[in-house]
Amino acid sequence: MMSIGGPDASPEDDDLSGGDLNGRMCIVTRESGSTDELIRFVAAPDGTVVPDLKRQLPGRGCWVKLDRALVDKAVAKRLFSRALKAEVTAPSDLGAIVDRLLAAQLAGMMNMARKAGQFVSGSSKVDGAVRNGSALAVFHAMDAAADGVRKIDQARKAWHLGMETEKEIPSFRVFTEAEMEELMGQNAFIHAAALAGQAGEGVVKRANLLERYRNGGQSRATGGAGRRKQ
């Protein structure tokens with residue numbers, strides 16, 4: 001399974017309080033978790049708390065579960081100084097900063113997948129990808145017309161019933177059209193699909209991360225893996 005960013009942080013650099021041998025314990029809930037469930041934070045040279053999504057920045061780190069409400073709570077309760085064992089300043093909008101970084105990672109992965117031929121846009125291409133089984137997930141702008149979304153939903157349901165999959169192909173709505181234009185420029189879309197392949201899987205992974213961060217650790221994407229029943 002892919003992680004949020006890059007390699008794991010060195011355990012000796014991070015907060016091992018509570019007996020977590022991996023050094024990964026949420027400073028808000030005090031619950032341990034995997035790197036797919038937590039965000040690492042470190043102190044920048046100027047003492048500002050910054051998110052380390054790729055887990056590559058040096059020095060002591062601390063962890064917060066993948067949930068914006070918990071990041072906001074860590075800021076409000078000033079938990080970063082205690083966890084990082086230093087006088088640090090957490091920006092009041094740290095939760096929003098993490099959201100923007102996760103969104104940018106998703107948009108970047110979409111562009112990468114497009115170059116690899118594993119991300120297509122346009123309602124007809126998306127409909128075709130769903131019906132031929134090459135779509136891993138579909139994406140709609142938040143402000144997409146209901147009729148266009150409904151037609152692709154019908155294709156998702158037809159594939160699910162016809163191929164007897166466990167769940168329908170997942171459907172995400174994470175950006176408005178204007179947000180996508182800002183993030184992706186000419187690659188902005190109304191309807192799109194991530195296709196089978198490593199880059200397409202990366203898109204779905206990052207979409208789930210963003211959804212979980214925004215929705216209390218749970219993805220609200222409709223549908224699921226779309227695998228055939230055994």
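**The whole chain**

Going along the sequence, the protein runs β-β-β-α-α-α-β-α-β-α-β-α-β-α. That comes to seven helices and seven strands; helices (H or I, at least four residues) and strands (E, at least two) are DSSP runs, numbered from the N terminus. This is a predicted model, where local features need pLDDT of at least 70 and side-chain atom pairs count only at pLDDT 80 or more, while totals for chains, interfaces and linings use all residues. Residues are numbered from 1 along each chain as its sequence is written, and side-chain values use heavy atoms, with hydrogens and water left out.

Of the 230 residues, 48% count as buried, which is to say under 20% relative accessible area, with exposed over 50% and partly exposed in between (1.4 Å probe, protein chains only). Among contacts (heavy atoms within 4.5 Å) between residues at least 6 apart in sequence, 73% join residues at least 24 apart.

**Stop 1**

Select Arg24, in the segment before strand S1 (38-43). Is Arg24 buried or exposed? It is buried, at 13% relative accessible area.

Next, pick Gly59 in the loop between strand S2 (49-51) and strand S3 (61-65). Gly59 is partly exposed, with a relative accessibility of 32%. Its C-alpha lies 8.0 Å from that of Ala43, 16 residues away in sequence.

**Stop 2: the four-stranded sheet**

Select strands S4, S7, S5 and S6: in that order they make an open sheet with mixed pairing. Two strands pair if DSSP finds at least two bridges between them. Strand S4 (119-121) and strand S6 (171-172) are at the edges with a single partner strand each, so one side of each has no neighbour in the sheet.

Helix H4 (residues 123-131) packs on this sheet and touches S4, strand S5 (135-140) and S7; its direction makes about 35° with that of S7. Helix H5 (residues 146-163) also packs on the sheet, touching S5, S6 and S7, at about 165° to the direction of S5. Those axes are lines fitted to C-alpha atoms, for helices over the stretch in contact, and angles run from 0 to 180 degrees between N-to-C directions.

Zoom in on strand S7 (residues 191-195), which pairs with S4 in the antiparallel sense over three bridges. S5 and S7 run antiparallel too, joined by five bridges. Which residue of S7 is the bridge partner of Val120? Ala193. Ala192 stands opposite Ser121, and Ala192 is also the bridge partner of Phe139.

Show the S7 side chains: His191, Ala193 and Leu195 point one way, Ala192 and Ala194 the other, and all are buried.

**Stop 3: Asp127**

Finish in helix H4, where you'll find Asp127. Its side chain makes a polar contact with the side chain of Arg131 at 2.8 Å. A polar contact is a pair of N or O atoms within 3.5 Å; within protein, one must be able to donate a hydrogen and the other to accept it, and residues adjacent in sequence count only if both atoms are side-chain atoms. Leaving aside neighbours within four places in sequence, Asp127 is in contact with Lys151 and Ala155.
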